[in-house]
Amino acid sequence: MQEWKGVRCIKTNNEKGCALCDATWGEYYRDIEGERTFFCCNICADIFESMVNNVKKRTGWGFIDYINLEGNYNRGRECEARSGDKIYRYYFRTYGDGRMMKFEDR
Ligand SMILES: [Zn+2]
């Protein structure tokens, strides 16, 4: 049984397409923090999921409201996550298969 009460959807600055890269092609859905989230492919979903886990582990936050992502696969991504009035900045880069290569505080 899915517990929908109190579930908070993570919004990102990618509003048109994939939550990670904003691509509008493809159609892949995965539940992230209890919310059905659109991705272009399973690799973006893997990356997003492990990124969210990293953020929550490092901040101790119970939920994330919003994530701003700047960058791309080659450069890595500079991000800013928000939970209520709290802000956490970080950088991450992944391998081609979606595994985390680097994740650091900013
Ligand atoms: Zn994507």
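**Entry 1: helix and sheet.** I started with α1, which lies across β5, β6 and β7 and runs at about 135° to β6. I note at the outset that this is a predicted model.

**Entry 2: helix length.** I compared the span of α1 with what its residue count implies. The helix covers residues 42-59, and at 1.5 Å a residue its 18 residues should span 26 Å; the end C-alpha atoms are 26 Å apart, so the two agree. I also looked at what follows the helix: Gly60 comes after α1, and its phi is positive, near 75°.

Entry 3: Which residues of α1 are buried? I listed Cys44, Ala45, Ile47, Phe48, Met51 and Val55. They cover an arc of only 160° around the axis, which means that they sit on the same side of α1. I then checked the face turned away from this buried side and found the exposed residues Asn42, Asn53 and Lys57 there.

**Entry 4: packing partners.** What do the buried residues of α1 pack against? I recorded four strands for them: β2 (28-32), β3 (35-39), β5 (76-83) and β6 (86-94).

**Entry 5: sheet order.** I traced an open sheet of five strands, in the order β1-β4-β5-β6-β7, with mixed pairing. At its edges I found β1 (11-12) and β7 (100-105), each of which pairs on one side only. In general, strands of a sheet pair through backbone hydrogen bonds, either parallel or antiparallel.

**Entry 6: the chain as a whole.** I counted one helix and seven strands in the protein. Read along the sequence, these elements follow the pattern β-β-β-α-β-β-β-β. The radius of gyration is 13 Å, close to the 13 Å that the globule rule gives for 106 residues, so the protein is as compact as a globular protein of that length. For the overall dimensions, I noted that the C-alpha trace spans about 40 × 30 × 20 Å along its principal axes.

Entry 7: What share of the 106 residues counts as buried? I have 20% for the protein. I also took the contacts with a separation of 6 or more, and residues 24 or more positions apart account for 31% of them.

Key:
Residues numbered from 1 in each chain as written. Predicted model: local features only at pLDDT ≥ 70, side-chain atom pairs only at ≥ 80, totals over all residues. Helix = DSSP H or I, 4+ residues; strand = E, 2+ residues; numbered from the N terminus. Expected span 1.5 Å × (residues − 1). Buried ≥ 20, exposed ≤ 12 C-beta atoms within 10 Å, placed from the backbone. Arc of directions from axis to C-beta. Contact = placed C-beta atoms within 7 Å. Rg over C-alpha atoms; globule rule 2.2 N^0.38 Å. Pairing = 2+ DSSP bridges. Axes fitted to C-alpha atoms, helices over the stretch in contact; angles between N-to-C directions.
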